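Have the viewer ready and follow along.

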Amino acid sequence: IYDLTRQVSYTLAPAFTQGGRKYRPIVYLADFVYHDETGRTVVEDVKGVRTKLYLVKKKLLLRQYPDIDFHEIDAK
């Protein structure tokens, strides 16, 4: 592997303003991101508990960034 980085943010929905109210962006924070021997981007996330929010963000991440190779690692 090469170009290993930690705590990489992926924007799932940008910030916006509506009716004078500001909304923050929705982001997915990956534990590790690197490139494998083929040059493909790999996102690894270590999870102890898979909350409903995590599952929604994971689904949005996979939909919005189809070229990543996602690996989920059980912390147990």
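Asp-45 and Lys-47 form a salt bridge, with 4.0 Å between the closest N and O atoms; the term stands for a side-chain nitrogen of Lys or Arg within 4 Å of a carboxyl oxygen of Asp or Glu. Both Asp-45 and Lys-47 are buried, where buried means under 20% relative accessible area, exposed over 50%, and partly exposed in between (1.4 Å probe, protein chains only).

This is a predicted model, in which local features need pLDDT of at least 70, side-chain atom pairs count only at pLDDT 80 or more, and totals for chains, interfaces and linings use all residues. Residues are numbered from 1 along each chain as its sequence is written, and side-chain values use heavy atoms, with hydrogens and water left out.

How many salt bridges does the rule give? The count comes to 3, as listed here:

| Pair | Closest N and O atoms |
|---|---|
| Asp-45 and Lys-47 | 4.0 Å |
| Arg-50 and Glu-72 | 2.8 Å |
| Lys-58 and Glu-72 | 3.4 Å |

Arg-50 pairs with Glu-72. That pair links distant parts of the chain, 22 residues apart: Arg-50 lies in the loop between strand 5 (41-47) and helix 1 (52-64), and Glu-72 in strand 6 (residues 69-74). Helices (H or I, at least four residues) and strands (E, at least two) are DSSP runs, numbered from the N terminus. Arg-50 counts as partly exposed because its relative accessibility is 33%, and Glu-72 does so because its value is 29%.

Glu-72 also forms a salt bridge with Lys-58. Here, too, distant parts of the chain are linked, with Lys-58 in helix 1 and Glu-72 in strand 6, 14 residues apart. Through shared partners, Arg-50, Lys-58 and Glu-72 join into one network.
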